[in-house]
Amino acid sequence: MDEFRRQELARTSERMESATPSEILQWAMETYGPKLTMATAFGAEGCALIAMIAGIRDRTGLTLDIFNLDTGYQFPQTLALRERIQKQYGLEVRLVSNAETVPEMEARFGGPIYNRDSNECCRLRKVVPLNDAVRGFEAWITAIRRDQTPERAAQPIIGMDAKFDLVKINPLANWSKAQVWAYIRENNVPTNPLHDQGFPSIGCWPCTRPVKEGDDDRAGRWAGTDKRECGLHLSPAGQVTRVAS
Ligand code: SF4
């Protein structure tokens with residue numbers, strides 16, 4: 001990407017700091033059209049974004065590609081939610097997975113590796129298929145919020161994702177958890193029933209535990225380790241990447 005384009009993106013990102021997530025989504029859908037995609041794990045934030053996208057589609061006719069990284073270790077409740085969301089909003093969420101299935105991978109390694117090398121497991125089950133899934137796209141939408149982890153705190157609304165060589169758009173970057181849930185309640189957005197069972201953040205079943213009242217929302221992800229991210233939202237150097245302004 002040339003410097004002029006980078007500067008332009010940085011200015012747009014600053015302008016979008018005061019826009020609503022729906023306005024940011026519509027801008028992205030108008031700007032990138034079929035070259036825009038979105039990854040969702042059907043967390044509360046992702047479900048809210050999908051509801052907003054359906055609203056934009058109904059108003060404008062615009063739509064976009066949406067996919068779910070099907071690691072092979074997702075909770076059955078998450079896969080059921082995909083069906084419910086697709087039906088409710090009339091949007092397809094395609095499943096993206098590694099060509100090597102979980103049984104094949106576990107046979108190759110002599111068992112699961114999520115408990116002994118979670119970084120390699122995340123690389124194989126998430127990062128590799130995501131690379132394939134975004135090939136040919138120019139921009140991707142994520143549902144991350146800045147207050148979720150230190151790694152996410154510096155994420156702009158719109159930035160360059162060096163890891164996947166894509167423009168990365170984070171419509172909920174400056175929203176709080178309370179704002180997300182207020183939107184969900186006001187708009188009757190379906191969510192994962194596990195949220196009501198102590199799982200504020202839901203990933204793969206082997207690496208997600210319920211949290212206690214007052215714990216950090218992501219305390220149940222890779223509990224007992226330093227790991228906070230699966231690698232999708234880290235640059236190759238392990239840092240988030242901002243477009244220089
Ligand atoms: S979250 Fe756990 S099970 Fe899922 S890909 Fe990463 S290490 Fe594997």
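In what follows, a residue is called buried when its relative accessible area is under 20%, exposed when the area is over 50%, and partly exposed in between, using a 1.4 Å probe and protein chains only. By that rule L36, at 1% relative accessibility, counts as buried.

First, some ground rules. What you see is a predicted model, in which local features need pLDDT of at least 70 and side-chain atom pairs count only at pLDDT 80 or more, while totals for chains, interfaces and linings use all residues. Residues are numbered from 1 along each chain as its sequence is written, and side-chain values use heavy atoms, with hydrogens and water left out.

**The whole chain**

The protein chain has 7 helices and 6 strands; these are DSSP runs numbered from the N terminus, with helices being H or I of at least four residues and strands being E of at least two. Read from the N terminus, the order is α-α-β-α-β-α-β-α-α-β-β-β-α. Of the 245 residues, 53% are buried. A contact means heavy atoms within 4.5 Å. Take the contacts with a separation of 6 or more: 73% of them are between residues 24 or more positions apart.

**Helix α2**

Helix α2 covers residues 21-32, and its 12 residues should span 16 Å at 1.5 Å a residue; the end C-alpha atoms are 16 Å apart, so the two agree. (The expected span is 1.5 Å times one less than the number of residues.) Which residues of α2 are buried? They are P21, I24, L25, W27, A28, M29 and Y32. An α-helix has 3.6 residues a turn, so residues three or four places apart point the same way. The buried residues of α2 pack against α1 (3-16), β1 (36-39), α3 (44-60), β4 (139-141), β5 (158-161) and β6 (166-169). Just after α2, G33 takes a positive phi of about 50°.

With residues up to four places away not counted, T37 touches residues including R94, V134 and F137.

Here are two C-alpha pairs that bring in these residues:

| Pair | Apart in sequence | C-alpha to C-alpha |
|---|---|---|
| L36 and T63 | 27 residues | 9.3 Å |
| T37 and I66 | 29 residues | 5.7 Å |

**A buried loop residue**

Where is Q74 found? Q74 is in the loop between β2 (65-69) and α4 (76-89). Q74 is buried, with a relative accessible area of 11%. Its side chain makes a polar contact of 2.8 Å with the side chain of N68 and another of 3.0 Å with the side chain of D70. A polar contact is a pair of N or O atoms within 3.5 Å; within protein, one must be able to donate a hydrogen and the other to accept it, and residues adjacent in sequence count only if both atoms are side-chain atoms. Not counting residues up to four places away in sequence, Q74 touches N68, L69, L79 and W205.

**Around the ligand**

There are 10 residues around the ligand, and Y73, C121, C122, C204 and C207 come nearest; a residue counts as near if one of its heavy atoms lies within 4 Å. The shell divides into 7 nonpolar, 1 polar and 2 charged residues. Here Ala, Val, Leu, Ile, Met, Phe, Trp, Tyr, Cys and Pro count as nonpolar, Asp, Glu, Lys and Arg as charged, and the others, Gly among them, as polar. C204 is buried at 12% relative accessibility, and C207 is buried at 15%. How many disulfides are there? The count is 0, where a disulfide is a pair of cysteine sulfur atoms within 2.5 Å.

Note on methods. Expected span 1.5 Å × (residues − 1).
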